[in-house]
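Here is a brisk report on one model.

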Amino acid sequence: MAGEDERHLRERLSRLRGLPLLRGARLRGDLDRFRKQLDQIEAQPSEETWRLVEIARHSQRPYTLDYVDRLFEDFVELHGDRARAEDPALITGLGRFNGKTVAIIGQQKGRDLNERQKRNFGMPHPEGYRKGMRLMEIAQRHGFPIVTFLDSPGAYPGVAAEQHGQGGAIARSQALMARLTIPLVACIIGEGNSGGAIAIGLVDRVLMQENAIYSVISPEGCAAILWRDGAEKVKAAVALQPDALHCLNLGVIDDIVPEPAGGAHLNPDEAARMLGESLGDTLDQLSALPGAQLRDQRRDRYRRIGVYSALGAEPALRNGS
Amino acid sequence: MAEPRIDVSIEHKNRPESSDGDRKHPNTCPSCGSHYRDDELKANLGVCQQCGYHYPVGARDRIAQLADQGTFREEASELRSEDPLGFFDLRPYPERLAEAEVSTGLGDAMVIGSAAIDSEPCQLAVMDFSFMGGSMGSVVGEKLARAVDSAVERRVPLVSVTASGGARMQEGILSLMQLPKTVCAIEDLRDARCGFISVMSHPTTAGVLASFASLGDVIVAEPGALLAFTGPRVVQQTTREKLPEDFGLAESNLRFGHLDGIVPRTELKPFLARTLRLFSNGR
C-alpha cells in the first residue's frame, strides 16, 4: 500500500516541478515536505486514528447529560426557542458548579434506538441553536458563566433545517458568543464536527478529552467529497488529523483532559471527575478577569488562528488600468 | 444507522462534467441554450439576455463590474496558503494550490481592497469560486479579517460578495476555525459601527453561509443562487427526503425570511450605491 502511494506521490512531485508557475506559487522546500509525507505514509498508524474515531463515537461513551448529572447540582433543563420548536438534540439549562450557577448548552446523543431518534443522533436544527442563544442571553444578563458540551456528527442536513435557516443560526450563535462578557468554556466530549459544533464553540477556553475528535468535516463526508468514495473514511481521518494532540499543537484547543484507561465509556464517573477538575480550574481562572477583557481576548484568540505566508513585496493589482 | 454526512465542503456544482464529449461551451447558457460572444457576455455582466441566467463571475470581473473605474486598490494580495497538515487526498494540497493559482491568476479564493461604488467609498471582499471551489482556509479568513480592519480604519462600510463551497478540507480544523475568526472580525466591524452588506452569489454554502456571509446588516442574493448550509445532494442522500424544486435557492431563502432581497447582477451596482449612501448618512 505504502509503495503504491509513494509511487503516486513521486509522480505528482515531478508534475509539480514541471508546472509553469506564476509569481507566487510556493514550491520552495516542498520536496522536503513531500519526503516527510512519504515517511508519514509508511509510519502512519491509520488503525490507531480510526480506533480514536470509534472511541469518540462509542455508544457507551458518556454524553452531555451524563456529565451534567455528575458535575452539576440542582440542574434545571430549559426547553424551546420561544419561536417555533423544542429541539431535543441540543439541551440547555442552569445548574450549580462548585456552588455557583452556570448555564449549560450541549448537543445530546441518544443511547437506545428510541432515544437516538428523539435526539436526532445529536444533530441540532436551527431551533436548537436559537434555544442555545436564548440561554446565552439569560447567562449574560445574570453573569452566569457558560459551559458548552460539543458532541455532534454535525448540524442536521434536512429540508426543514435549511428552510428554517441552519446556516444563519450557526453564524448568529457564534456572533452572540463573540459579544458576551461572561466566561465561556467548551468541552469537546465526543465528536466535534463542522459548523454544527463550532456554533456553540466560540469560547475563551476549549477543553478536549483525550479520545475526542474535532474536525472540519466527518471522515465519511471528507472521503465522499475528496476521494469520491465514502469507504475511504480511514484515509480521510488520517489526513484530517482530528485528534486532541494535533488540535493542541495548532492552538485550536487549550487543554487535553485525560480519560480513564481505555476510554471514558469504561468509567464514566472517573471521566466526569477528571473533566470536572479541569473545568473547575478553568472557570476559576476566567472568573478572575473583567468581562470586557474576556470578550476582547476571545476575539483576539480567534483572529490570530490561521497558517499562511506572505510573498515578498510586489505591486498591488488595480482595476481599470 | 446511516452515517450522517455534514457538508462543509466543496459542492462541485459549477464544475464542468468530467471529460465527456458533449461538454457545452462556457458561453452557452445552460438554462436556455442561447450563445454569446465574449464581448456580448461581458457587456451584459454575464447575464443571459434571453432568460436572465447568471453565469459564474470571477473575483476580478466582479470587482470591475462594481468598483468605479480605477478606484480599486487591492490589499493583502501577497498572502498565500501553507500546507500545515501535509494534506493529500488523491493529490497533494500544494499541487492543488499551485494549479489553482496558475489557472485563476489569484493568490487564493478571495480578493480584498478599497474601492468606490458610484463615488461611495467602501471596502470590498470578493470571493472566486474557480479557486478551489471558493473554499475558505486560513488565507480567506485572514483576508476577510483584514478587510474588516481596513474598513474600520477608514470608517467605511464593508461589501462582501461570496461564492463558496464552504470550509477548505485540506486545512482541516484550521479551516473550521475560520468560521469563528470571520465572525469575530464582523463583530469588531459592528462595534466600530461600520455597515456590512453581504451579497451572496451562486453558490454560498456551508462554512461561509454559517459565518460572515449571514451576518450582513443587509443580505441580498443573485437570482437562482444556491444558498444552503448543506447542499441538495447531501440532504437527499442523508435524509431521503423529497426536495422541493427550489430547495436552497435564493428565491426560497427570500420566502423563508433569510434575505433582504434578490438583486439581478445588472442592478447590483446601483443597489449597492443606494444602500451605501444610506449607511454613510450624509457623512
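## A helix in chain A

Helices (H or I, at least four residues) and strands (E, at least two) are DSSP runs, numbered from the N terminus.

α8(A) is mostly covered, with 12 of its 14 residues buried. Buried means that 20 or more other C-beta atoms lie within 10 Å of the residue's own; exposed means 12 or fewer, and partly exposed lies in between, with C-beta atoms placed from the backbone. The buried residues of α8(A) include Gln166(A), Gly167(A), Arg172(A), Met177(A) and Ala178(A).

## Basis and confidence

This is a predicted model: local features need pLDDT of at least 70, side-chain atom pairs count only at pLDDT 80 or more, and totals for chains, interfaces and linings use all residues. Residues are numbered from 1 along each chain as its sequence is written, while chains are lettered from A and ligands numbered from 1 in the order in which they are written. The model scores ipTM 0.92 and pTM 0.89.

Chain B averages a pLDDT (the predictor's confidence in each residue, from 0 to 100) of 92, and 92% of the residues score at least 70. Over residues 7-14 of chain B the pLDDT is below 50, yet this stretch has 36 contacts beyond near neighbours in sequence. A contact is a pair of residues whose C-beta atoms, placed from the backbone, lie within 7 Å. Residues 16-21 of chain B also have a pLDDT below 50, with 2 contacts beyond near neighbours in sequence. Where pLDDT is low, the predicted coordinates should not be read in detail.

## Chain B overall

Chain B has 10 helices and 9 strands. Its radius of gyration is 18 Å, close to the 19 Å that the globule rule gives for 283 residues, so chain B is as compact as a globular protein of that length. The radius is taken over C-alpha atoms; the rule is 2.2 Å times the number of residues to the power 0.38.

The C-alpha atoms of chain B fill a box of roughly 55 × 45 × 40 Å along the principal axes. Of the 283 residues, 58% are buried. Among contacts with a separation of 6 or more, 71% join residues 24 or more positions apart.

## Strands in chain A

Strand β3 (residues 100-107) of chain A has 6 of its 8 residues buried. Strand β2 (residues 90-97) of chain A pairs with β3(A) in the antiparallel sense over 8 bridges. Pairing requires at least two DSSP bridges between two strands. Phe97(A) has Lys100(A) as its bridge partner. The two strands form a hairpin with 2 residues between them, and Asn98(A) in the turn has a positive phi of about 50°.

β3(A) also runs parallel to strand β4 (residues 146-152) of chain A, joined by 4 bridges. There, Gly106(A) stands opposite Phe149(A).

## Strands in chain B

Strand β4 (residues 120-127) of chain B is largely enclosed by the rest of the structure, because 7 of its 8 residues are buried. Strand β3 (residues 110-117) of chain B pairs with β4(B) in the antiparallel sense over 8 bridges. Gly113(B) stands opposite Leu124(B). In the hairpin of β3(B) and β4(B), Asp118(B) in the turn has a positive phi of about 50°.

β4(B) pairs in the parallel sense with strand β5 (residues 158-164) of chain B over 4 bridges. Leu124(B) has Val159(B) as its bridge partner in β5(B).
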